[in-house]
Amino acid sequence: MLNILRRIVQKVNAAKTLQVALEIIVQEVRVAMKTEVCSVFLFDDDENSYTLMASEGLNQSAIGMKLLRSEGLVGQVGLREEPINLEDAASHPKYRYLKESGEERFHAFLGVPIIHHRAILGVLVVQQQEVRFFDETEESFLITISAQLAGIIAHAEASGSLSRQETGSATKDTRFTGVAGAPGVAIGEAVVISPPAYLRSVPDRDADDIDVELQHLDRALKAVRKDMRETSNKLAPSLPREEMALFDVYLSMLDDSAIGAEVRAVIREGQWAQGALRQVIEEHVKNFEMMEDVYLRERAVDVRDLGRRVLAYLQEQDKRDVVYPDNSVLLSEELTPAMLGEIPRDKLVGLVSVKGSGNSHVAILARAMGVPTVMGAVDLPFTRLNAREVIIDGNLGRVYPLPSPELRGYYQEVVDQEKQFVAGLDVLRDKPCITKDQTRVSLWVNTGLMTDVARSLDRGAEGVGLYRTEVHFMIRERFPSESEQQKIYREQLQAFAPNPVTMRTLDIGGDKALSYFPIQEDNPFLGWRGIRVTLDHPEIFLVQVRAMLKASEGLNNLRIMLPMVSNVAEVEEALHLIHRAHGEVVSEGFDVKLPPIGVMIEVPAAIYLVKEFARRVDFLSVGSNDLTQYLLAVDRNNPRVAELYHSFHPAVLAALQSIVRDCKAEGAAISICGEMAGDPAAAILLLAMGYEVLSMNATNLPKIKWALRNVSTRWAKGLLDEVMTMDDAYVIQSCIELAMRKAGLSKVMVGTRAGAK
Ligand code: PEP
Ligand code: MG
């Protein structure tokens, strides 16, 4: 069964259009299941109906016929989202005869839903003349094939609607859904960024000069052939003859008559060499993957490797800098902080990443920079979008390529409204954040890039609650030296002095990788991360702390914070190292006081150790991003489980309450620096719980100040009491939003998920 499944999936995968893919599905499934009919119906959300798209066994004149959402057995399968297996379809009360289909001859009916990301895409049906139930094996085969094909169908549907958009024959705007990354809307021109020698994400691009592209290709092929010959000569003495023959096969594949010729033909049609190479190699890879023979199938890896080698040489020759238009929307399979660093800020209006989720670190940086972002847009055919106009809706996590004038007009209004509201908040810059009943809340910022500093000061930040030192480590190619670090830290401390700056010691691991210090793990978020890495490498930790201490001389506004602590021993060990670094720095002649030291509460164990920690350190700060991830066991990076990641989950709220209570009981200072603090609805709950320092991205700070100045702590406490009796994160969210609207706070929801609904 597995072999049949694999073969069908590969064939469908290789289809060029959705229609061809569907035709392959019905042909193959009918043969595999030995049934008389196999048909596929696709659901159209806007029309609220199913269309018979392809069938083997029914009269072809029925193709294109429609059924309403709840009509017929197909409608029932969709509504119930489960298979329907009948020995005689016509005797079912919901049976609806499809005119002209010829289906009256068939009695046995089995329909299974095709579901992708919880949404019904369509229904796959098999039918037979005999009066009988399909057996369990048949049913499970159809369910399995439908589950496997759902992603491919979704992808093919997406590509198809994009093609219609390209040719102007689309009747509606195509929408790709991802996860809200950073709020706001952007209308701009797509710039597809592809990491070096990564074939899959090379974008399509028109060749500026076809002859030049052909020359590039010739040179690259020649260079790879030379490399292959050299490797083959080197290995000749140690490899058996059959293995050596493989090199000849590869060399001949690169020949002018094989892959080389095909790439050349695509270039002549106007595609640049790198894009043409991607098209041809991907095609060959697909063909190899479809082979029955395991050995031949595995050759797909070799073809991809060949392609990667040619690409590396093409990229070496074509080192033109990316030209960023004034309203660039960066698109990438996986956005990285380094990519953000390369584009001038004034040209960047939006970001889209196919991988990652709303709490991935790149999304956090994007929020800090105030750049609307969509993460996890898994079905987006991003390589086809370079230089195309796109709209991104960072509030709802949507991407619209090649928008219609109506859609553009609508979104332009949203952009203007948001700008107007934010501009109106300027007057609050120097006003304190104080509630109507006189509770004073300190609003601090989270920083990482140097550009955050100006934005933060501009928005009236009263301190830095989290300076993510790892960002500077991530955008380099080696560890920064002590003096380099000292200089960077000095700039931060000076910019905010006399206000406090909380510097977090290096927090790498998880989704924060250093190219020059690779960590390979199966479960990186549960592995070597944060304090665990730096305690194992005291040389890295000590250099960093020494640099921080030296940088603070004469300013005395440094606070040091430890990430990812899960036990008391880690805290004690880190304290010991910090004291040691302090002693060293003082003996070198620096006049620095030992700064306040704090820990982050971001793993579940830490919730129960708050009192222990509070007795040993000066302050605690809640990292609600990780705390939510670890408490709910939901990977903050995984778009598939993004719906489950919610900081209003009753368990997270209960933990936040317990932390603040235990911390206050010990008289230690408490703050929160996770993304929650920058969400107006969450800030109201945090105020009610007693958090007096909220640290957030600079972009949201004015909104939070406006919101908190317009409520009273008494009102917030009443709301907190109400939501603490509820058991569902989304219900809690709706309840707070409703209360905010009633209290006249709707304005603050513009540019948030709630406001966009
Ligand atoms: C957090 O986990 O909430 C936090 C502030 O740290 P980071 O997002 O950098 O992991
Ligand atoms: Mg964290």
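**Figure 1. Helix α3 in the lining of the largest cavity.** With three residues, α3 gives the most to the lining of the largest cavity, where helices (H or I, at least four residues) and strands (E, at least two) are DSSP runs numbered from the N terminus. The model is predicted, and local features need pLDDT of at least 70, side-chain atom pairs count only at pLDDT 80 or more, and totals for chains, interfaces and linings use all residues. Residues are numbered from 1 along each chain as its sequence is written, chains are lettered from A and ligands numbered from 1 in the order in which they are written, and side-chain values use heavy atoms, with hydrogens and water left out. β1 (37-44), α3 (72-80) and β6 (119-128) each supply at least two residues of this lining.

Figure 2. The structure holds four cavities of 30 Å³ or more, a cavity being a set of points, on a 1 Å grid over the protein atoms alone, where a 1.4 Å probe fits but cannot get out, with lining residues having an atom within 4 Å of a point. The largest cavity contains about 130 Å³ of space, and among the 15 residues lining it, Phe41, Val74, Arg96, Glu103 and Phe109 are the closest to its centre. By class, this lining comprises ten nonpolar, three polar and two charged residues.

**Figure 3. The second largest cavity and ligand 1.** The space taken by ligand 1 is the second largest cavity, in the sense that more than half of the atoms of a molecule must lie within 2 Å of the grid points. About 70 Å³ of space lies in the second largest cavity, and of its 15 lining residues, Arg468, Arg504, Glu602, Asn625 and Asp626 lie nearest the centre. β16 and α21 are the elements that give two or more residues to this lining, which has three nonpolar, four polar and eight charged residues.

**Figure 4. Polar contacts of ligand 1.** Polar contacts with the ligand are pairs of N or O atoms within 3.5 Å. An oxygen atom of ligand 1 lies 2.8 Å from a polar side-chain atom of Arg636, a polar side-chain atom of His361 lies 3.0 Å from an oxygen atom of the ligand, and a polar backbone atom of Ser624 is 3.1 Å from an oxygen atom of ligand 1. Taken alone, ligand 1 exposes 290 Å², of which the protein buries 100%, with accessible areas from the Shrake-Rupley method and a 1.4 Å probe.

How values were computed: Polar contact = N/O pair within 3.5 Å; in protein donor to acceptor, adjacent residues only side chain to side chain. 1 Å grid on protein atoms, 1.4 Å probe; cavity = no way out; pocket = protein on both sides within 12 Å on 5 of 7 lines; lining within 4 Å. Points joined across faces, edges and corners; volume = space filled by probe spheres on them. Nonpolar A, V, L, I, M, F, W, Y, C, P; charged D, E, K, R; others polar.
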